[in-house]
Amino acid sequence: MSDTAVTTQDSKGAPGSPGRDLSDPDIQEPDDFAVQICDQIESFILSVREVAKGDDPDSAVPYLLLEVSQLLLAGGRLGAHEDIVPDERYEPDIGPEPDADELRQHLAALLEPIDVYSEVFDPYVPRSTPVACRISDDMADVVTDLTHGLAHFRAGRVSEALWWWQFSYLSNWGPTASASLRALQSLVAHVRLDSPLDELDGLDTDDSADDEERLAEEAGKVMAAELGTPPGARAQPATG
């Protein structure tokens with residue numbers, strides 16, 4: 001990847017935008033791969049924000065399915081790419097992180113009551129317990145990750161942006177977007193195949209505390225069985 005200064009660029013705020021010091025050695029010229037990834041990411045962020053402004057969940061779901069599918073193509077390219085090494089040892093400060101709460105709230109209201117779905121985070125962990133997730137949370141988290149890298153790209157730190165997008169694809173926004181894709185595809189399939197959804201009784205992200213308590217209780221039963229102590233029995237004080 002070239003480290004030479006940029007002389008021209010488009011008007012998206014990327015390197016070469018008016019007001020930038022083009023002699024700055026930290027400003028890099030993005031190659032075709034970086035530009036294509038950036039374009040897909042910018043398109044996704046803009047599209048999700050537009051969906052959140054709407055009021056029609058019937059059109060929002062298939063549109064989000066399309067956008068997430070296209071984003072995961074960019075993620076797949078990042079994942080298949082050799083490890084990207086940033087030029088700087090420590091990540092430069094990009095300033096305050098963008099607030100995605102408004103986006104999250106708009107999507108939650110738009111997608112109610114189909115916002116919550118069930119997912120297993122790692123299919124290679126034996127006997128994984130499904131957990132409740134929200135499409136609105138997922139989209140906001142993905143946008144936050146992508147925007148973080150986009151700030152580096154627009155500042156001319158191309159290798160830093162690519163490193164961040166690749167790392168966060170593998171560690172966070174990739175699994176999150178993939179889980180959302182399954183939920184969105186399922187919703188579209190239910191509609192297209194005229195298969196109404198069952199009532200989502202008991203499926204809520206607020207149940208995590210109850211799940212932890214239940215798992216702790218089950219673990220206690222296993223430990224009691226291994227120690228030969230009946231579940232619920234209390235140790236008796238010594239006598240004599």
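What is the mean pLDDT of the chain, and what share of its residues reach 70 or more? This is a predicted model, with a mean pLDDT of 78 over the chain, and 70% of the residues reach 70 or more.

**Stop 1: two stretches to treat with care**

Select residues 1–23. The pLDDT here is below 50, and the stretch has 48 contacts in the model beyond near neighbours in sequence. Now select residues 229–240. Here too the pLDDT is below 50, and this stretch has 3 contacts beyond near neighbours in sequence. Where pLDDT is low, predicted coordinates should not be read in detail.

**Stop 2: helix α3**

Select residues 101–111, which form α3. Within α3, highlight Leu 103, Leu 107, Leu 110 and Leu 111, the buried residues of this helix. These residues cover an arc of only 85° around the axis, so they sit on the same side of α3. Next, show α1 (32–53), α2 (57–80) and α4 (135–154): the buried residues of α3 pack against these helices.

Turn to the face of α3 that points away from its buried side. Select Glu 102, Gln 105 and Ala 109, which are exposed residues on that face.

**Stop 3: Asp 115**

Is Asp 115 buried or exposed? Asp 115 has a relative accessible area of 0%, so it counts as buried. To see what surrounds Asp 115, show Ala 108, Cys 133, Arg 134, Ile 135 and Ser 136. Asp 115 touches each of these residues, leaving aside those up to four places away in sequence.

Notes. Residues are numbered from 1 along each chain as its sequence is written. This is a predicted model: local features need pLDDT of at least 70, side-chain atom pairs count only at pLDDT 80 or more; totals for chains, interfaces and linings use all residues. Side-chain values use heavy atoms; hydrogens and water are left out. Helices (H or I, at least four residues) and strands (E, at least two) are DSSP runs, numbered from the N terminus. Buried means under 20% relative accessible area, exposed over 50%, partly exposed in between (1.4 Å probe, protein chains only). Contact means heavy atoms within 4.5 Å. The arc is that of the directions from the helix axis to the C-beta atoms. pLDDT is the predictor's confidence in each residue, from 0 to 100.
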